[in-house]
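Thanks for coming, everyone. I'll keep this short. Please have the model up on your screens.

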Amino acid sequence: TNVKVADNASISGSKLGTGAILQVKYFQLTTSQTEAYSTANTDKAITNFVVNITPKSSSSIMKIESNVMYETANSTWDTIWFFMRDSTKLGNTDSSSGVRNVGISIGTISHPNNDSATTPENASLTYFDAPSTTSAINYKLAVRTTATNNIFINRTIQDSNDVGCERGVSFISVTEIGG
């Protein structure tokens with residue numbers, strides 16, 4: 001009963017039932033940062049966009065979400081975003097071509113204008129992972145692009161104090177759902 005459960009009681013995830021939210025962890029960036037992408041066609045974890053979580057149950061499902069506001073210097077149209085569980089890439093598993101970019105989502109250009117210095121992109125990703133473990137996991141936001149690149153997170157390339165140079169907020173979160 002509610003009266004018998006202490007405020008600091010440690011209740012195992014399996015007691016909460018299937019579909020219960022067991023825990024939520026997140027990282028949110030409210031400032032800007034620049035990522036140097038020096039090697040084309042390689043997977044790169046984004047600095048700071050890491051969530052460390054230890055599942056309460058080996059049957060849990062992890063809902064991983066991210067929204068990133070950014071602008072790239074090159075090949076916006078050939079950039080794909082995804083998550084990594086430790087060193088395992090999560091996303092589309094098509095490996096039929098060694099050059100095809102696979103992941104979860106491409107970025108969306110927020111304005112059809114061809115202005116490459118003040119037109120930010122946005123990538124919104126969601127993925128459900130079943131890690132089958134109670135060991136600590138590092139989930140990371142990652143990207144792959146076909147060109148060497150700088151990725152300006154939470155800002156436009158031209159970052160002057162002007163109406164056309166937007167700034168934003170980006171995050172990654174992991175919600176453990178009882179399985």
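Lys89 and Asp43 form a salt bridge, with their closest N and O atoms 3.4 Å apart. Keep in mind that this is a predicted model. Now look at where the partners sit.

Lys89 has 28% relative accessibility, so it counts as partly exposed. Asp43 has 36%, so it is partly exposed too.

Lys89 has another contact. Its charged end sits over the ring of Phe82, 4.3 Å from the ring centre. And there is a network: salt bridges link Asp43, Lys89 and Arg144.

How many salt bridges does the whole structure have? The search finds seven. One of them joins Arg167 and Asp159, at 2.4 Å from N to O. Arg167 is exposed, because its relative accessible area is 55% and the cut-off for exposed is over 50%. Asp159, at 27%, counts as partly exposed.

**Strand 4**

Next, strand 4, residues 61-72. Nine of its twelve residues are buried. Still, strand 4 has its exceptions. Glu65 is partly exposed at 23%. Lys63 is partly exposed at 25%. The side chains of Glu65 and Lys63 meet in a salt bridge, 3.7 Å from N to O. A general point here: in a regular strand, side chains alternate between the two faces of the sheet.

Which strands does strand 4 pair with? Take them in turn. Strand 9, residues 121-129, runs antiparallel to strand 4, and nine bridges join them. There, Ile64 has Tyr127 as its bridge partner. Strand 12, residues 170-177, is also antiparallel to strand 4, over seven bridges. Find Ser66, and its bridge partner in strand 12 is Ile172. Then comes strand 11, residues 149-153, antiparallel to strand 4 over three bridges. Here Glu71 is partnered with Phe152.

**Aromatic rings**

Last topic. There are two aromatic pairs by the rule used here. One of them is Phe27 with Phe49: edge-to-face, 5.1 Å centre to centre, with 75° between the planes. Phe27 belongs to strand 1 (residues 21-29) and Phe49 to strand 3 (residues 44-53), so this pair ties together parts 22 residues apart in sequence. Phe49 is at 0% relative accessibility, so it counts as buried.

That's my tour. Questions, please.

Note on methods:
Residues numbered from 1 in each chain as written. Predicted model: local features only at pLDDT ≥ 70, side-chain atom pairs only at ≥ 80, totals over all residues. Heavy atoms only, no water. Buried < 20%, exposed > 50% of the residue type's maximum accessible area, 1.4 Å probe, protein only. Helix = DSSP H or I, 4+ residues; strand = E, 2+ residues; numbered from the N terminus. Pairing = 2+ DSSP bridges. Phe/Tyr/Trp six-rings, centres within 6.5 Å; stacked < 30°, edge-to-face > 60°. Lys NZ or Arg CZ within 6 Å of the ring centre and 35° of its normal. Salt bridge = Lys/Arg side-chain N within 4 Å of Asp/Glu carboxyl O.
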